[in-house]
Structure formats: structure tokens, C-alpha cells
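Biologist: Thanks for sitting down with me. Could you take me through this pair of chains, one question at a time?

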Protein chains: 2
Amino acid sequence: MADRHDIARLYVNDGLSSEQVAQQAELYGPLAEDVRDLVQLSIQTLADEDAVAQARNLLAQARKILAENRETGPYGVHFSDSGEFRPWGNAVMGLRNPIAPPVQVVEESDGSVWAEFTLHAGYEGPAGHTHGGVLASILDQVLGDAARHGGSPGMTGTLTVRYRRPARLGDLRADARIDRVEGSKAFVVGTISDAEGVCCEAEGIFITPKWMEAVRDVHVPGTG
Amino acid sequence: MADRHDIARLYVNDGLSSEQVAQQAELYGPLAEDVRDLVQLSIQTLADEDAVAQARNLLAQARKILAENRETGPYGVHFSDSGEFRPWGNAVMGLRNPIAPPVQVVEESDGSVWAEFTLHAGYEGPAGHTHGGVLASILDQVLGDAARHGGSPGMTGTLTVRYRRPARLGDLRADARIDRVEGSKAFVVGTISDAEGVCCEAEGIFITPKWMEAVRDVHVPGTG
């Protein structure tokens with residue numbers, strides 16, 4: 001979609017005040033929640049032909065309304081002079097992205113980060129369990145956030161995930177912290193756990209790639 | 001959600017004929033497509049308060065219809081005596097899962113597999129680019145499929161992804177094949193590429209965990 005030379009354009013200073021940002025979150029956040037519910041219903045409904053036709057007709061009307069005034073490309077990262085960054089389209093933590101659980105990362109004063117989140121039926125891999133790829137996806141995000149919060153922001157160079165045992169769907173927790181920094185590389189470690197303990201462990205190497213240099217002066221909280 | 005002892009129950013022989021399976025795909029597949037479109041609109045719409053309220057009202061009506069007769073847990077893996085397996089809730093390739101692009105894997109006679117797919121704005125990480133975690137997620141699925149197709153089905157033990165350069169959103173391709181097998185472990189390699197070449201490389205080690213033994217006699221095509 002986006003040409004590489006257009007990337008800087010996707011870092012949008014839209015000049016919104018903190019109040020306007022809060023209003024946007026209140027307006028579009030619940031819409032994303034509605035669609036998250038529809039994701040589950042798409043998987044779980046036993047509706048017959050007539051009921052599905054009725055529901056699809058309503059969805060078509062809703063889509064028409066939402067499409068009347070819309071962007072067509074990726075969301076990018078919006079920000080304001082007030083310093084608030086909004087990677088709201090992010091696939092793991094985006095407020096406006098129904099694919100995102102979303103995972104909301106908490107930053108600790110010791111440099112570590114963690115997140116508690118709930119995975120519904122849409123994150124399934126092996127029957128009844130979280131897809132291993134979904135766990136990798138969340139680890140990539142949370143380890144990247146740990147790199148940034150620990151003072152070494154960057155893009156993922158290598159991500160290694162070791163699966164100890166299947167993680168059930170439902171309530172899970174991720175933890176991550178920088179293990180060490182070597183030059184422009186941050187080595188970050190982390191885990192995902194359920195109530196019974198650690199399900200998988202990860203190590204990520206985060207570096208700053210050349211294409212990011214154009215926007216290097218912009219501090220972007222963990223955009224994956 | 002699902003208790004570990006209930007996992008076998010999630011492998012459901014629902015006794016559908018091939019014709020009934022096709023009917024279900026025709027009924028619920030387009031519903032998932034509608035929700036995929038809503039995922040994008042949730043991120044991209046510029047609708048004002050009144051329009052969002054109208055759209056949400058329609059979505060609420062649709063959700064009510066779809067929720068009248070529904071399952072409440074994960075989809076699991078449905079199958080029939082006819083031998084058709086339906087991991088339709090799968091987060092990467094599920095026909096009924098709007099989170100899945102979906103990725104549809106093609107099996108080659110030489111044992112390799114590949115898939116071509118399109119990632120919309122809902123798979124964004126760095127501005128304009130595919131989330132590194134989403135790439136890992138797809139690689140986990142496709143490498144697992146290669147392990148199974150190559151004769152060594154199993155769960156992911158370790159997944160390592162090396163990111164060469166950011167992958168733009170849009171049309172991408174995954175390729176995977178078994179590199180070697182050592183006992184119960186299959187070492188699988190793969191890549192994701194765009195029009196300009198390889199964006200990231202992965203190695204996965206796939207093994208059969210103990211919890212899977214209860215359903216080991218059931219041949220389940222790549223369920224992540």
C-alpha cells in the first residue's frame with residue numbers, strides 16, 4: 001500500500017488537543033469494541049440463512065455509513081504537539097483496530113514492562129488454545145515496548161519464541177525487560193504466562209533500521 | 001476458556017456431508033468478509049458522532065440476530081467422516097475468523113507449501129508496514145503446515161524469525177519446507193516476500209506434545 005518514500009507522511013501531526021484526542025478515543029474506541037464482538041460472533045453464530053441475511057443487510061448499512069467519509073490507507077502514527085502518540089491502527093495494541101485484543105502495556109520504573117489481556121475465540125490455533133503465532137505477535141510488540149521503555153527503541157531484528165506448553169485462551173499476561181545492550185542492539189527477554197505459570201519465553205534483538213532514520217527525531221512509543 | 005481435559009471435545013465430528021460443509025462455507029464465509037471490511041472501517045472511518053451512533057445502532061441489531069443462536073467457546077476443529085477438517089476459527093487461516101487474512105496454504109508435490117495473501121490496514125505495525133508480529137504469526141502457521149504436509153505434523157517448539165527489511169502492507173507471499181527431521185522434531189524453514197524479494201526468514205522446530213496424544217489418531221491439517 002504505502003510506498004517506502006511515503007512513510008514519513010504516515011507520521012501525522014494532526015494538531016489535536018488532549019481533549020480532542022480523548023473525544024476521538026470515546027467515539028471510535030466503542031466502535032472497535034463492537035467489531036471485536038462481531039469477530040467472535042462470526043466464528044460462533046449458529047444463525048440460519050434468513051438470520052444471516054438479515055444480519056448482513058444491517059452490516060451493509062453500517063458499512064455504508066462508516067465508508068461515507070473515510071481514509072483508505074493504513075492509519076500510521078498520529079501525534080500532536082501535546083506529545084500524545086496514537087498508533088491506533090496497530091495490530092496488537094491499536095485502540096481502533098478490532099484485530100488487536102488490544103494489549104495495553106504498563107511501564108515500570110525499573111525499566112520492565114508488562115501487560116494483562118484476554119484472548120477470545122478469534123485467537124485460536126490448536127483447539128481451545130491460543131495460536132502460537134498470536135503469542136509471537138504479542139511478544140514482538142511487548143518486547144519492542146520494553147526496548148523503547150528501557151531507552152533503546154528500535155525495530156525487531158530477530159525474534160525467537162520457545163513454547164513450553166500450550167496457552168489456553170482467556171486471561172494471559174506478558175512480561176518483558178532489556179537483558180543487555182550492545183551498540184545499537186538491545187537484547188530483550190520476555191514471557192507469556194497464564195494462571196499456571198509461563199507458557200512461552202522469547203528473546204528479541206531490536207535495532208534501528210535505515211528507513212527509520214527519516215523520522216528518528218520523532219519518539220514513537222512501540223509501534224511494533 | 002477450555003479446560004485442558006476438554007480439548008478432545010473440541011475436535012468435533014459434526015457428521016456434515018461435503019455438500020453441507022460447502023453450504024456452511026457459503027453461508028458464514030461472506031459474513032466473515034463483511035466483518036473484515038468492518039475491521040478496516042473501524043480504523044479508517046472519519047464518521048462524526050451522529051454517523052458513528054447510527055452505524056453502532058445497526059451493528060447492535062446485527063449482533064443481536066447473530067447472538068440468538070450461538071456457541072460461546074472457541075470453534076475448535078470440526079470434521080466429518082468424509083475427512084474434511086475445518087479449523088474455521090483459526091487466527092491465521094480460519095474461513096469464519098475475520099482476524100485471519102485468511103492465509104490459504106497450497107501444498108506442492110515436492111513437500112513444500114506456499115501461500116499468497118493480502119494484508120489490509122488492520123495488520124499494521126510500523127507506519128505503513130506489516131506488524132513484525134503478524135509476519136511471525138503467519139510464519140508459525142505456514143511452517144507448521146509445511147511440517148504436516150512433509151509428514152511430520154506437530155506443535156511449534158521454537159520459532160525464530162529474522163527480519164531483513166520491513167514488509168509493506170498489501171500483497172505478500174510465504175514459502176516453507178522441511179529442512180530436516182530428527183526423531184520427533186521437524187526443522188522447517190520459510191520466508192515471507194513482497195514484490196521486491198524476501199522480507200523475513202524463519203526457522204521453526206515442530207514437535208508432538210503430550211496433550212496432543214489424546215487426539216493423535218486424528219489427522220488435523222495445520223491448526224497452528
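Modeller: Gladly! One term first: buried area is the accessible area, taken with a 1.4 Å probe, that two parts lose on being put together, summed over both. Please keep in mind that this is a predicted model.

Biologist: With that in hand, how much area do chain A and chain B bury between them?
Modeller: The contact involves 93 residues of chain A and 93 residues of chain B. Of the area buried between chain A and chain B, 61% is on carbon and sulfur atoms. The total comes to about 8600 Å².

Biologist: Which residue of chain B forms a salt bridge with Arg63(A)?
Modeller: The count between chain A and chain B is six salt bridges. In the one made by Arg63(A), the closest N and O atoms are 2.7 Å apart. The partner of Arg63(A) is Asp37(B).

Biologist: How many residues of the side of chain A that touches chain B are nonpolar?
Modeller: Across the interface of chain A and chain B there are 45 residue pairs in polar contact. On chain A, the elements that each supply at least two residues to this side are helix H1 (18–44), helix H2 (49–67), helix H3 (132–149) and strand E6 (155–163). The residues on this side of chain A include 29 polar and 17 charged ones, and the nonpolar ones number 47.

Biologist: Which residue of E6(B) is the bridge partner of Val161(A)?
Modeller: Here a strand of one chain pairs with a strand of the other: E6(A) and strand E6 (residues 155–163) of chain B run antiparallel, over five bridges. Strands of a sheet pair through backbone hydrogen bonds. For Val161(A), the partner in E6(B) is Leu159(B).

Biologist: Is Ser152(A) buried or exposed?
Modeller: Ser152(A) lies in the loop between H3 and E6 of chain A. Beyond its neighbours within four places in sequence, Ser152(A) is in contact with Ala147(A), Ile178(A), Val181(A) and Ala186(A). Its relative accessible area is 17%. The cut-off is under 20%, so Ser152(A) counts as buried.

Biologist: Last one: which residue in the turn between E7(B) and E8(B) has a positive phi?
Modeller: Strand E7 (residues 170–182) of chain B is joined by seven antiparallel bridges to strand E5 (residues 113–119) of chain B. Nine bridges join E7(B) to strand E8 (residues 185–194) of chain B, also antiparallel, with Asp175(B) paired to Thr191(B). E7(B) and E8(B) form a hairpin with two residues between them, and the one with a phi of about 60° is Gly183(B).

Methods: Residues numbered from 1 in each chain as written. Chains lettered and ligands numbered in written order. Predicted model: local features only at pLDDT ≥ 70, side-chain atom pairs only at ≥ 80, totals over all residues. Heavy atoms only, no water. Contact = heavy atoms within 4.5 Å. Salt bridge = Lys/Arg side-chain N within 4 Å of Asp/Glu carboxyl O. Polar contact = N/O pair within 3.5 Å; in protein donor to acceptor, adjacent residues only side chain to side chain. Helix = DSSP H or I, 4+ residues; strand = E, 2+ residues; numbered from the N terminus. Nonpolar A, V, L, I, M, F, W, Y, C, P; charged D, E, K, R; others polar. Pairing = 2+ DSSP bridges. Buried < 20%, exposed > 50% of the residue type's maximum accessible area, 1.4 Å probe, protein only.
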